[in-house]
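Welcome, and please take a moment to look over the structure shown here.

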Protein chains: 2
Amino acid sequence: MAFEQDRRFLVHDVLDYSGHYASLDFPDAPGRELIDAILDEVGRFALKELKPLNRIGDEHGCTLADGVVTTPPGFKEAYQKFVEGGWASLTGTVEYGGQGLPDSMSLFLEELLCCANLAWAMYPGLSRGVLEALESHGSADQKRDFLTKLISGEWTGTMCLTESHAGSDVGLARTRAEADADGTYRITGSKIFISAGEHDLAENIVHLVLARVDGAPDGTKGISMFVVPKFNLDGTRNQVVCGAIEEKMGIHGNATCVLHFEAAKGYLVGEENDGMRYMFTMMNAARIVVGLQGICLAQAAYERAAEYATQRLQMRSLSGPKAPDQPADPIIVHPDVRRMLLTQKALIEGGRALVYFAGQLIDLVELGKDEEIRDEASELLDFLTPIVKGFLTEVSFESINHGVQVFGGHGFIRETGVEQFLRDARITLLYEGTTGIQALDLLGRKVLMNQGKGLIRMITRMDEIAAACQSALPDIADALTQLGKQWGEVSFAIGVAAQDDPEEIGAASVDYLFYSGYAVLAYLWARMALTASERADDAYGRGKIATARFYFQRLLPRTLAHKAAIEAGGASLMQISDEALTSGLSTPVR
Amino acid sequence: MAFEQDRRFLVHDVLDYSGHYASLDFPDAPGRELIDAILDEVGRFALKELKPLNRIGDEHGCTLADGVVTTPPGFKEAYQKFVEGGWASLTGTVEYGGQGLPDSMSLFLEELLCCANLAWAMYPGLSRGVLEALESHGSADQKRDFLTKLISGEWTGTMCLTESHAGSDVGLARTRAEADADGTYRITGSKIFISAGEHDLAENIVHLVLARVDGAPDGTKGISMFVVPKFNLDGTRNQVVCGAIEEKMGIHGNATCVLHFEAAKGYLVGEENDGMRYMFTMMNAARIVVGLQGICLAQAAYERAAEYATQRLQMRSLSGPKAPDQPADPIIVHPDVRRMLLTQKALIEGGRALVYFAGQLIDLVELGKDEEIRDEASELLDFLTPIVKGFLTEVSFESINHGVQVFGGHGFIRETGVEQFLRDARITLLYEGTTGIQALDLLGRKVLMNQGKGLIRMITRMDEIAAACQSALPDIADALTQLGKQWGEVSFAIGVAAQDDPEEIGAASVDYLFYSGYAVLAYLWARMALTASERADDAYGRGKIATARFYFQRLLPRTLAHKAAIEAGGASLMQISDEALTSGLSTPVR
């Protein structure tokens, strides 16, 4: 994979993953060689088997006939090889046949798959949510019945949350669950937007379904979680029917299904009415993965754009010909093309660093040696999760858009392949909670309802890195120190305003998410530049430091605009009448 | 059309178009009633005939078989009605059967067509470039032979500039022209990305082709322009062959063709080797239209999003239920949904005002009563053209992206219809010169090579409006005054830096384009707010003023980020090695 050098730099030099693994309460810590060996092998698999199917998946899409979904040519064969290679079970519990590696390893795996073929990677990817939920909250019987096959990859999973009238507002879900005498439930209702909801890759599909037991309270307090397999344990077909596959803007290779549950047999996970809590177990893990998906698509687009920029000859450099023996210079000589490439590089490599940093926190929450370590990791991870999901998907979309732009008119042509990444990426800003939902989670729950615990931890980390940068990179050190101080002040001011008017939270939220995202990436760019400055003085390290400076000089100032927007406050949004806001196009319900 | 009220406000109240028409050196100035009557009628045509075909065009696309292109169902019938209605000839010269209205009227017409169906509107839209070029530079014979049919709409036109290796760098074009004994030329070569290059809507297609006469100088100095009809004047088929239609990200309803000219008969326009000058005649007009296309698609997406926001029920307002008798509140109550809608409204209405302002300048350049008026208009229009094209398409794309986001997951589904606008809009950032090309044109040619003439005119206009706003809208007046001063300083500083290093121009250019775009929109929002403040105090006017304040408080501060990026200078882009910039993905040609 083309980002192998960057991965090694982050995993070994910046984040010292083998030291991290050795620090965990974990018997067989994988060392540097094993990490590289596993990931290099997965990378080869992804390049050979999945990448060639990426455009095929986009062109063919999935088809539904007589309730049976056919995936694009080659998808099924590649999945069989994936399962046979044992890749599905990398981080699964040893007790159920998994290889038991720390969870962060599954992020590295996911990255390699998604960079090659997002639509394909979502089929095994969706299983992780089911695994997380059952491992944390399932009964012994449920673990026995479902985990082994899910871990091996013989079966895949789904998350069935959304209904046509209940998207962000899961509490409006109407799907019903009626208790049967044998302790199971009959599930009845329709779910939409179910990724990998029906397909031909695996023998069975295990649906995790949110439903309402008869007599349950209204809203989120009456939501329960059920396991509903496509085929029952006795091999008979359960009453789960794929009613349609959605025609979408992108990820055509993944079947997005309407699923009808027609008194389907379901098994209650944990306690009745406690489903929302379990949902967040799987949702938080999924949100990190979605942030990573954005970065992967951005990486794929950047690779194409970087190659094109060195090959495409158009116009002469303003400072004189750079390739005088050619009819024109390669477009990489033009400052604005460099700006677009550097923006991509800075956002992608910064974003990747954030995901890998979050990967360590995921490990530490579960396997940290003592409570203080686990608590700190938990607070930081809670705080960073909406930033990984909300911010990284937004800047990845921007990054891909630059990638398309580097191609000029050719970027709009399907054959070039880069526009697919833009279409595929658009979903990452929406599913598993829109950017707006992430922003409310960050500012409302993770900062204001939590006395800023995670934020304070993060600013402390920033100050530590700023101090460490002081001698080698004083410009970056000073900028980071100032940023941390300002971030705290901005957050505090919103908290004060929100005490008088809760609408201030929503009015600031998305700008606060962006502000925070740029701040977190500044921290990671400072860490990367610091590591690079401590290495041997080579071209790679100099490139890292130059990119860090580009980030601080040309991207971080976007925080100024977001700060101003936050400071404009709720009045700037709430005072205008609904009629004027919609230019009189429609009559509001209220 | 849904923006009728906004159009009337701009045309009559803000820009006093009937007064403007009366001021021109023009016999039959259309008054308020005639303007409205014409545009209302076109709007009805567009809503009835074109809008229903928009998604059909996207789904069906165009097909090529045996050199014949078939457009989507209904496109041809709608085009016939368009021609029969006389709409094609609105602004055509009276001498050749046109109705002779001022050119700005064609912008209003274009807006109505593009809001309903961009892919369709491009078929008659492309004719305008040919008309402009022939009216300005064609011979008497050429005008006689081609103008009447083009003006009536019986024939359509194309612009054949791009070759596979010659995009932004038109000077690399290789298409050859050999003089024949009869004074015509034989044109040989292949052109790509030819919008409406072949289709079944009209009897004949008139191609304007850039080619190189044998022995012509290299580069742009050896480019000549030719008229090459699909059918010769004697009715025989000319040797222009459609070799392929491109599969694209969007505008599927418009045929983007590869055209092969195989010793096709062509007529030289004007003088040999003077083709680039004529190309800019049509290109400048086309660039204004492309900026408008962006706004039109943004308007279409905003209409959908605004309606959805008032109908979709999800979650309760943080300040308490607003629709207590419903299961949830309409999402328009949520501050972040309002932020997305207001951003769309502010960018669209500001952008529309800019296009209408440019429309007056277009009229004044040609028909202004005295030289001073024509000169001022010409300098302002030259300066604003790259902003209209480059900035408005970029912010329109952002605006549509917000429109998709308002829909949540439903925005990603094709059936909802809003994602089509995002796909369609992507081309507007690329064709007729990418954003980067516009930015170089603005900063290099229109500001630095021109001693900032247009910029100074613009800042003068800003100061006038700031003074007029002082009593009613002092906050806006002060912000506008400061902005004008800062804009001048930022521009001057780039000029100083560029004297030492020409790369500073490219390094600043796109950020300067954005900075300037936000500044120009601030001017227009101040004008709109001022007009609204002078009207009767009604809901419409209050909405305008609230939107202006939103613009100044929450969008204009983006200039801070662009200013910082400009000030980072060329070193932030040029110092990094090509290898590091591309993460070693490819070996540069240089």
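## Before we start

This is a predicted model, in which local features need pLDDT of at least 70 and side-chain atom pairs count only at pLDDT 80 or more, while totals for chains, interfaces and linings use all residues. Residues are numbered from 1 along each chain as its sequence is written, and chains are lettered from A and ligands numbered from 1 in the order in which they are written.

## The domains of chain A

Let us begin with chain A, where domain 1 covers 4–152, domain 2 covers 156–273 and domain 3 covers 452–572; the bounds come from an automatic or database domain assignment. Taken over C-alpha atoms, the centres of domain 1 and domain 2 of chain A are 23 Å apart.

These two domains touch: 31 residues of domain 1 of chain A meet 28 residues of domain 2 of chain A, where contact means that C-beta atoms, placed from the backbone, lie within 7 Å. On the domain 1 side, at least two residues each come from α4 (54–60), β2 (68–70), α5 (75–84), α7 (118–137) and α8 (140–152) of chain A. Here helices (H or I, at least four residues) and strands (E, at least two) are DSSP runs, numbered from the N terminus. With 12 residues, α7(A) gives the largest share of that side. By class, the domain 1 side holds 17 nonpolar, 10 polar and 4 charged residues; Ala, Val, Leu, Ile, Met, Phe, Trp, Tyr, Cys and Pro count as nonpolar, Asp, Glu, Lys and Arg as charged, and the others, Gly among them, as polar.

## How the two chains pair

How many residues does each chain bring to the contact of chain B and chain A? Chain B brings 106 residues and chain A brings 106 residues. On the chain B side, helix α17 (residues 539–555) has the largest share, 10 residues. That side of chain B is made up of 49 nonpolar, 31 polar and 26 charged residues.

## Helices side by side

In chain A, helix α10 (residues 335–367) and helix α11 (residues 371–406) pack with axes 8 Å apart at an angle of about 155°. Axes are lines fitted to C-alpha atoms, for helices over the stretch in contact, and angles run from 0 to 180 degrees between N-to-C directions. That angle makes α10(A) roughly antiparallel to α11(A), a label for angles over 145 degrees, as roughly parallel is for those under 35. Their contact has 21 nonpolar, 9 polar and 1 charged residues.

Now turn to chain B, where the axes of helix α9 (residues 275–311) and α11(B) come within 8 Å and cross at roughly 20°. The two helices, α9(B) and α11(B), are therefore roughly parallel to each other. The contact of α9(B) with α11(B) comprises 15 nonpolar, 8 polar and 3 charged residues.

Conventions
Angles under 35 degrees count as roughly parallel, over 145 as roughly antiparallel, 65 to 115 as roughly perpendicular and the rest as oblique.
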